[in-house]
Amino acid sequence: MRTRVGYAGGKVQNPTYHQLGNHTETLEIVFDPEIISYDELLDEFWRDHNPTTPAFSQQYKSVIFYHSEAQREAAEQGKARREAQLGKTVYTEILPAPVFWPAEDYHQKYMLRRFGPIAAEYYAIYPDATEFRDSTAVARVNGYLGGYGSSDDLNNELSSLGLSPAAQQMLRDAVRGR
């Protein structure tokens, strides 16, 4: 439903990219378990990165922050399965969710920002940076532009994303062209 990039796990209040302290760069995902389960999100997490390399810094470590005991157990089980599949140590840490600090506006929705005309339509709909960052439609389009979701998935929801016909076509072309 919503994604935000930011910082978590450290002691510094209101961290920034240039004043990170001991935080880790992270992604916050707000999801509807009726649409996608926590286990499915974990499967994507394990598939989309190499957790077998130790982190060279706190800023870039692999970590799952959990919000409940059930999430912790699912993450631990997923980690064990991934280690068994790979036959290597998985260095991902599994920790209780701390305070999440959203990153600066210019870090939010990076892929969408690369498509100026589409981004401009969303800036007009959501002139407030927080509304832009927290929009479900903006998160969905950013995901498609980042390589997540198929052309069929996009076509099924395109009319609900609030874009003009020209921007819809640009988005279709970008997703088809990946």
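Contact is taken here to mean heavy atoms within 4.5 Å. The structure is a predicted model, in which local features need pLDDT of at least 70 and side-chain atom pairs count only at pLDDT 80 or more, while totals for chains, interfaces and linings use all residues. Residues are numbered from 1 along each chain as its sequence is written, and side-chain values use heavy atoms, with hydrogens and water left out.

V90 lies in the loop between α2 and β4 (93–96); helices (H or I, at least four residues) and strands (E, at least two) are DSSP runs, numbered from the N terminus. Residues are called buried under 20% relative accessible area, exposed over 50% and partly exposed in between (1.4 Å probe, protein chains only). V90 counts as buried because its relative accessibility is 3%. Leaving aside neighbours within four places in sequence, V90 is in contact with W46, P51, K79, R82 and E83. Between V90 and I35 there are 55 residues in sequence and 28 Å in space, taken from C-alpha to C-alpha.

K79, one of the residues in contact with V90, belongs to helix α2 (residues 69–86). With neighbours within four places in sequence left aside, the contacts of K79 are W46, V90, T92 and I94. The side chain of K79 reaches the backbone oxygen of T92 at 2.8 Å. K79 is buried yet has no salt bridge, a salt bridge being a side-chain nitrogen of Lys or Arg within 4 Å of a carboxyl oxygen of Asp or Glu. The nearest side chain of opposite charge is that of E83, 5.3 Å away; Lys and Arg count as positive and Asp and Glu as negative, while His and the chain ends are not counted.

Q59 and Y60 are both placed in the loop between α1 (38–47) and β3 (63–66). Q59 has 19% relative accessibility and therefore counts as buried. Its side chain makes a polar contact with the side chain of E25 at 2.5 Å. A polar contact is a pair of N or O atoms within 3.5 Å; within protein, one must be able to donate a hydrogen and the other to accept it, and residues adjacent in sequence count only if both atoms are side-chain atoms. Beyond four places in sequence, Q59 is in contact with Y17, L20, H23, T24 and E25. Y60, at 40% relative accessibility, counts as partly exposed.

Helix α6 (residues 136–145) is mostly covered, with 8 of its 10 residues buried. Among them are A137, V138 and Y144. The cover over the buried residues of α6 includes β1 (2–8), α4 (116–125) and α8 (165–176). At the start of α6, a side-chain oxygen of S135 comes to within 3.2 Å of the backbone nitrogen of A137. G147 follows α6 and has a positive phi, near 100 degrees.

Most residues other than glycine have a negative phi. N14 has a positive phi, near 50 degrees, and is placed in the loop between β1 and β2 (24–30). N14 counts as exposed because its relative accessibility is 56%. K109 also has a positive phi, near 55 degrees, and is found in the loop between β5 (100–102) and α3. At 3% relative accessibility, K109 counts as buried.
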